[in-house]
Amino acid sequence: MDALIKKRIKQVIKGDQDAFADIVEIYSNSIYQLGYRMLGNRHEAEDIAQEAFIRAYVNIKSFNQDLKFSTWLFRIATNLCIDRIRKKKPDYYLDAEVSGTDGLTMYSQLSSNAPLPETELESLELQESVQKEILKLPEKYRSVIVLKYIEELSLNEISEILDLPLGTVKTRIHRGREALRQQLRYV
Amino acid sequence: MKCNDEIVDLMHEYLDEEIDPKNEMILREHLKGCKECETLFNEYKKTIAVVKGTSRMQAPPDFTAKVMASLPKEKKKVGMQRWLRNHPLIAAASLFLVLMTGSVFSTWNQEREFSVSKQDNLVVQNDTVIVPEGEVVKGDVIVRNGKLKIEGEVQGNVTVINGEQYLASAGHVTGQIEEVNAVFDWIWYHMKKTAFDVIDIFNESEK
Ligand SMILES: [Zn+2]
């Protein structure tokens, strides 16, 4: 896949806009997922993901082709999320998920290999508490936790994405883990 | 009572998958004998499991199409600005050479005649040049004072001077497409041509 991405990037740089579609297709789910877990609702997740891809397109010539494209893309997207969190009123995002229709859409989205309704409901409740607790984390812990456990990236990649020393990333993961443990240990 | 932080640090090392075998032994030994630490450790592992277990969200099905539709159309002027910014030295040198030769304005005014580069499979109807569907035109296509319709393929660059080009959805151009329509564009076109001639000289100093 890396070879395909490299090829597409070269085409985009040469002015072939259509070649960008494959890049969007390959990373759309993970970038959308990042936005959803960072911001807590689908609308903003889509918004931020779109903006991340547009920025990547506009700035593609500044991308160092020797590096991993996904790291660069995640950096753009994570920064956009963090900016958005900082601009938000602090109480807004806490309510967004609890009250809204998002739970329902998530419910309707749950996996197709249909488990028993009761289990499904339980798992839905669990999903919602996890999401709520992730959203309660201060942004600096939230980003490392989402990158590590939702996007399943390595500590080194996270340190590159956030432009932070490895030691800082570890400390933040440890604190994030501790905060989540305190909230989630009885679920 | 809390056990010392060293054990908690070892737990984190373990969870980060960075623990060395010796420390892992120490941790395991301790957990065997300490209920409290064992509970803590299990809570960490459970927390990670539920976070990892959240269902994976999918971007909306029309996501890619929406992104593609909102990408900025790469305008000629934008391209030019970026080029000027990235190559100020070459730009200055080229402008100097172009103006020195003084031929730009006169050639712009003189060359009002319809003309087209010579490729056998180009079809000319009045002032419109057509790259027919299914045809492959090899080499750069240059049209002056006329229109260009691309329904087939051009293996090279396309330049339309004082006219317009239309690329059909089935049409394809392997190189760059460029329209030159105003005197300013015309200068720009010359500058770039000159620039590519002088680029070699500057390549060394640019690096
Ligand atoms: Zn202990």
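The model is predicted: local features need pLDDT of at least 70 and side-chain atom pairs pLDDT 80 or more, while totals for chains, interfaces and linings use all residues. Residues are numbered from 1 along each chain as written, chains are lettered from A in the order written, and side-chain values use heavy atoms, without hydrogens and water.

**Chain interface**
- Contact (heavy atoms within 4.5 Å) links 45 residues of chain A with 32 residues of chain B.
- The two chains bury about 3700 Å² between them, 59% of it on carbon and sulfur atoms; this is accessible area (1.4 Å probe) lost on being put together, summed over both.
- On the chain A side, A:Tyr149, A:Arg177 and A:Arg181 lose the most area to chain B, together 16% of what that side buries.

**Helices 8 and 10 of chain A**
- Helix 8 (residues 139–150) of chain A packs against helix 10 (residues 166–184) of chain A at an angle of about 90°, with axes 8 Å apart.
- Helix 8 of chain A is therefore roughly perpendicular to helix 10 of chain A, a term for angles of 65 to 115 degrees.
- Residues that meet there include A:Tyr141, A:Val144 and A:Ile145 in helix 8 and A:Val169, A:Ile173 and A:Leu180 in helix 10 of chain A.

**Helix 4 of chain B**
- In helix 4 (residues 63–70) of chain B, the buried residues are B:Phe63, B:Thr64, B:Val67 and B:Met68; buried means under 20% relative accessible area (1.4 Å probe, protein chains only).
- These residues lie on the same side of helix 4 of chain B because they cover an arc of only 130° around the axis.
- Their cover includes helix 2 (20–39) and helix 3 (42–58) of chain A.

Definitions and conventions
Axes are lines fitted to C-alpha atoms, for helices over the stretch in contact, and angles run from 0 to 180 degrees between N-to-C directions. Helices (H or I, at least four residues) and strands (E, at least two) are DSSP runs, numbered from the N terminus. Angles under 35 degrees count as roughly parallel, over 145 as roughly antiparallel, 65 to 115 as roughly perpendicular and the rest as oblique. Buried means under 20% relative accessible area, exposed over 50%, partly exposed in between (1.4 Å probe, protein chains only). The arc is that of the directions from the helix axis to the C-beta atoms.
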